[in-house]
Amino acid sequence: MTTQVAPVVTDAQGPRSERGSLRVVVSGATGLIGTALVRHLRARGDQVVRLVRAAPTTPDDVRWDPTAHDEDSVVDLARRLGRVEGLRGPGSVDAIVNLAGAPIAGQRWTSDYRVALRRSRVDATTTCALLAGAIGSTLVNGSAVGIYGSDRGEEPLTETSAPGTTFLAGVVQDWEAATAPATDAGVRVALARTGIVLSRHGGALAQVLPLARLGLGGPLGSGWQYWPWITLEDEVRALTALIDEPYSGPVNLVAPVPVHQRELMRLLGRRLHRPAVLPAPAVALRLVLGEFADDILGSQLVRPTVLKAGGFEWAQPDPADGVAYVVG
């Protein structure tokens, strides 16, 4: 049973774009997405506090234990956030962005690692949800399009679509359910269901790039599966929109123009001046992506219905723009 934490303060307001500089707490701030998000928020003038598991390295780092769900631990974390210069107490935190969790790609999904995948997300989310409820802060929580399952063919998938039945779909369902303490406390919760993030610095496509440079960037499987993609730039901009605007519930963070995997690889090969005909060997794909390769081989036609309705504008809406963003 989840611990319920009595609010530390009750008069904090949620973030609004017109309020100017915001105070944002970010967990998972050292990962690919978290690093880029922190940089972006600070560049626009927001104060960002990073929740870190190791010893703090800057005045804006606060050490936390994602597994500490008891009331005393959560209240102590809220009070330590209040001692960060400029926050003026825990109630002045506008938003918590929780991106913590063990990596999905590039790992062998042993039985122990399957436990870590689930537990790391549920533990961090439970703690962040309790913290958000205690200090009256918006919670923007990481999630994934993996909730829809690994192979849904050409079925259009929106935020209201039924979840899949794969292991990863079950993990994501538990991950999202762990935000319940924040919802129960009456704060706004947005679930960022992220697709395949395109970046030259990490993510699935960056790990496939070495194969593509060797001319092995052809179809994976049939190649006709849909890849729900988004560039790192648009991922960060979308997360920022979830902080600033009144989005709540599931939000698919994917580009608006869907693409078949073989077409994305063809565009990548053209950009690299390499053929994209020979399929990448499944064994090689599993070496770089681990068991996550099975999800990459599946088809998900994910639609960003909520972002579109909210008026979000993508910097790289087209697959060709996405590939150019990655290759540079």
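Which residue in S3 does valine 52 stand opposite? Select both strands to find out: valine 52 stands opposite arginine 63 in S3. Before going further, note that this is a predicted model, in which local features need pLDDT of at least 70 and side-chain atom pairs count only at pLDDT 80 or more, while totals for chains, interfaces and linings use all residues. Residues are numbered from 1 along each chain as its sequence is written, and side-chain values use heavy atoms, with hydrogens and water left out.

**The sheet**

Strand S2 (residues 47–52) pairs with S3 in the parallel sense over three bridges; here two strands pair if DSSP finds at least two bridges between them, and the elements are DSSP runs numbered from the N terminus, helices being H or I of at least four residues and strands E of at least two. Now widen the selection to the open sheet of seven strands, whose order is S3-S2-S1-S4-S5-S7-S11, with parallel pairing. Its edge strands, each pairing on one side only, are strand S3 (61–63) and strand S11 (249–253).

**Helices across the sheet**

Select helix H2 (residues 71–82), which lies across strand S1 (23–27), S2 and S3 and runs at about 160° to S3. Contact means heavy atoms within 4.5 Å, and axes are lines fitted to C-alpha atoms, for helices over the stretch in contact, with angles from 0 to 180 degrees between N-to-C directions.

Next select H7, which lies across S1, strand S4 (95–98), strand S5 (138–144), strand S7 (189–194) and S11, running at about 160° to S11. Eleven of the 13 residues of H7 are buried, that is, under 20% relative accessible area with a 1.4 Å probe and protein chains only, where exposed is over 50% and partly exposed lies in between.

**Where H1 meets H7**

Residues making the contact include Leu32, Ala36 and His40 of H1, and Glu235, Leu239 and Ile243 of H7.

**The core**

Finally, colour the largest nonpolar core, which has 30 residues, with Leu242, Ile243, Leu253 and Leu307 having the most contacts inside it. Such a core is a set of buried Ala, Val, Leu, Ile, Met, Phe, Trp, Tyr and Cys residues joined through side-chain atoms within 4.5 Å. H7 gives the most to this core, with seven residues.
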